[in-house]
Amino acid sequence: MRPAGVVLCGGASTRMGSDKANLELVGRPLALWVADALRAAGAHPVVAQGGNPPAPLVAEPDSTPLSGPLAGLVDALERHGDVLVCPTDVPTVPVHLLAALIRTAHSTGEPVVLARSDRVEPLIGHYARASLSMLRAGLRDGARGPKAVLDLDAVPTVSVDVADVLNVNTAADLAAAGAIVATRDIARPGVG
């Protein structure tokens, strides 16, 4: 069973000062870089959670906008069951990492499998429907992100180079992401 691919787009983008989902990297919006990687890894369908993503990415609204990524994650799990998630501002996320997250989730049967660079990446991972009650409870208790709910030392992880999960928050980060994707010889198909 394939998970839905979810591009988390509901953040306020306060550090960048503009909507990151539509911010262009090498002529393409960040959200489409992430969506293409999710699709290439085997996720289906691929949607945007929250925000105002670029076409043709299908937008699914947050039930409580600007309530943090945990609320968006809960919304996505309620709509789709198992989900493979990545924030819109991680355009360098590699397909091999996302595919490994799916494989690891299926082989271990664990409800949550996350990426690990120099730290655990709680917004880049595979979340099974079985994690929904725990995440809902954290949301009811006031948590805004999954890091506040999960025991990050106990969650299975898939290792990745820190450059592959570069978070774009500034113009300098965007330039660094451009340099990373320029060195890759892969062409990602457009979202359709």
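Me: Contact means heavy atoms within 4.5 Å. Leaving aside its neighbours within four places in sequence, which residues is Leu 98 in contact with?

Reply: Welcome! This is a predicted model, where local features need pLDDT of at least 70 and side-chain atom pairs count only at pLDDT 80 or more, while totals for chains, interfaces and linings use all residues. Residues are numbered from 1 along each chain as its sequence is written, and side-chain values use heavy atoms, with hydrogens and water left out. Once the neighbours within four places are set aside, the contacts of Leu 98 are Ala 37, Leu 38, Ala 41, Leu 84, Val 93 and Ile 124.

Me: Which residues have the most contacts inside the largest nonpolar core?

Reply: A nonpolar core is a set of buried Ala, Val, Leu, Ile, Met, Phe, Trp, Tyr and Cys residues joined through side-chain atoms within 4.5 Å; buried means under 20% relative accessible area, with a 1.4 Å probe and protein chains only. The largest such core has 31 residues, and those with the most contacts inside it are Val 7, Leu 97, Leu 98 and Ile 124.

Me: Which helix gives the largest share of this core?

Reply: Helices (H or I, at least four residues) and strands (E, at least two) are DSSP runs, numbered from the N terminus. Helix H1 (30–40), E4, E6, helix H3 (95–108) and strand E7 (112–116) each supply at least two residues of this core. The largest share, seven residues, is from H3.

Me: Why is strand E1 described as largely enclosed?

Reply: Ala 4, Val 6 and Leu 8 point one way from E1, with Gly 5 and Val 7 pointing the other way. In a regular strand the side chains alternate between the two faces of the sheet. E1 (residues 4–8) is largely enclosed by the rest of the structure because its buried residues number five of the five.

Me: Which residue of E4 stands opposite Leu 8?

Reply: Two strands pair if DSSP finds at least two bridges between them. E1 runs parallel to E6 (residues 83–87), joined by five bridges, and also parallel to E4 (residues 46–49), joined by four. Leu 8 faces Pro 87 in E6, and in E4 the residue opposite Leu 8 is Gln 49.

Me: What is the bridge partner of Leu 84 in E8?

Reply: E8 (residues 120–127) is largely enclosed, because seven of its eight residues are buried. A hairpin through three residues joins E7 to E8, and these two strands pair in the antiparallel sense over five bridges. E6 and E8 also run antiparallel, with three bridges, and the partner of Leu 84 is His 126.

Note on methods
Buried < 20%, exposed > 50% of the residue type's maximum accessible area, 1.4 Å probe, protein only.
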